[in-house]
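Welcome to this set of exercises. Take a look at the sequence and the structure below, then try each task before you read its solution.

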Protein chains: 2
Amino acid sequence: MDELDPVFDAVAAYFSVLSEPTRLKIMHAVCMGEKTVSQIVAETGATQTNVSRHLGLMHRQGVLARRRNGNQIHYSVADPTMIELCRTVCIRIASTIDERRPLKKQLLKFLPPARKRAA
Amino acid sequence: MDELDPVFDAVAAYFSVLSEPTRLKIMHAVCMGEKTVSQIVAETGATQTNVSRHLGLMHRQGVLARRRNGNQIHYSVADPTMIELCRTVCIRIASTIDERRPLKKQLLKFLPPARKRAA
DNA sequence: TGACAATATGCGCATGCGCTCATATAAATC
DNA sequence: GATTTATATGAGCGCATGCGCATATTGTCA
């Protein structure tokens, strides 16, 4: 089974991107369209340094795309699979904790209106 | 955005389970049916201690189900969404690294025969 | 009851990782 | 060129986590 090690490492690295609350906030911020670093900082409430670090990491991983416009840099989702995974997990968690209504409602906010009904 | 913090934490915790190679090996070992701890240890090549730790964690998270049979304990997948996520990521990674054929072939091993053709 | 097999757990270590402070780079504006 | 705005980066800290060794727990069988 050793020859599969690089496979497991790659998959683990992929999931690692989404295993951090701040990065998930960033995904949530840019999933509807590209955003400036400043916008992301404002939306997430995280430090500029910290946001920049995570953005750099996500860009290196191929998750986010960069676009420079003068002074500022716009980030957008480069890997739609990431969004798909987030939606899947949100649906799953929402169904798991049916008793906790407020949290469920918040989770469903992540779904586009169309799929909100389906769930 | 602060009121969404518990949501992001929950989603991050969910993905965290899959962000570790050894736990992915365990998922791969039990995804086709329940297995004994000893069997999982043999299949993954990891230490008994380490496997037991990960199994306990995954069980506490609701990912795996336990079943005691005399001396030994059988673990099985309790959350099918986890498998779905793994398949999604495997497909994604395989398509990303088209040039690295050997790795791609190994990734596709994770898919059931039916979907292997679809991908 | 004693010995052996299967699984879990306390403890300590080492590494990774997220975070912050200060500073560096880059572009715009004066 | 100097200042201001926007973003990135080096250094260091603290904590979480994966791991292994030894040992505890639980069950089986003689």
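This is a predicted model: local features need pLDDT of at least 70, side-chain atom pairs count only at pLDDT 80 or more; totals for chains, interfaces and linings use all residues.

**Exercise 1. A pair of strands in chain B**

How many bridges join β2(B) to strand β3 (residues 72–77) of chain B, and do the two strands run parallel or antiparallel?

*Solution.* Residues are numbered from 1 along each chain as its sequence is written, while chains are lettered from A and ligands numbered from 1 in the order in which they are written.

Step 1. Strands (E, at least two residues) and helices (H or I, at least four residues) are DSSP runs, numbered from the N terminus. Two strands pair if DSSP finds at least two bridges between them.

Step 2. Between β2(B) and β3(B) there are six bridges, and the strands run antiparallel. One example is N69(B), whose bridge partner in β3(B) is Q72(B).

Step 3. Now place the pair in its sheet: chain B has an open sheet of three strands in the order β1-β3-β2, with antiparallel pairing. Its edge strands are β1 (35–36) and β2 (64–69), each of which pairs on one side only.

**Exercise 2. The sheet of chain A**

*Solution.* Step 1. In chain A, three strands form an open sheet with the order β1-β3-β2 and antiparallel pairing. The edge strands here are β1 and β2 of chain A, each pairing on one side only.

Step 1. Strand β1 (residues 35–36) of chain A pairs with β3(A) over two bridges, in the antiparallel sense. There, T36(A) has H74(A) as its bridge partner.

Step 2. Strand β2 (residues 64–69) of chain A is joined to β3(A) by six bridges. Among the bridge partners are R66(A) with Y75(A), and A65(A) with S76(A).

Step 3. The hairpin of β2(A) and β3(A) has two residues between the strands, and G70(A) takes a positive phi near 65° in it.

**Exercise 3. Two chains meet**

Describe how chain A and chain B are related and what their contact surface is made of.

*Solution.* Step 1. Superpose the copies by least squares on the C-alpha atoms of residues with pLDDT of at least 70 in both. A rotation of 180° with 0.0 Å of shift along its axis places chain A on chain B, with an RMSD of 0.0 Å. That is the relation of a two-fold axis.

Step 1. Count contacts, where two residues are in contact if their C-beta atoms, placed from the backbone, lie within 7 Å. By this test, 34 residues of chain A touch 34 residues of chain B. The elements of chain A that each supply at least two residues to this side are α1 (5–17), α2 (21–30), α3, α5 (80–96) and α6 (101–108). The largest share, ten residues, comes from α1(A).

Step 2. Sort the residues into classes: Ala, Val, Leu, Ile, Met, Phe, Trp, Tyr, Cys and Pro count as nonpolar, Asp, Glu, Lys and Arg as charged, and the others, Gly among them, as polar. The side of chain A that touches chain B has 20 nonpolar, seven polar and seven charged residues.

Step 3. Of the interface residues of chain A, 100% are also interface residues in chain B, so the copies meet through the same surface.

**Exercise 4. Around the DNA**

*Solution.* Step 1. A residue is near a strand if its C-beta atom, placed from the backbone, lies within 6 Å of it.

Step 1. DNA strand D is surrounded by 20 residues, and V37(A), S38(A), Q72(A), T47(B) and G70(B) are the closest. The largest share of this surface, six residues, comes from α4(A). By class, the residues are three nonpolar, 14 polar and three charged.

Step 2. Around DNA strand C there are also 20 residues, of which T47(A), G70(A), V37(B), S38(B) and Q72(B) come nearest. Here α4(B) gives the most, with six residues.
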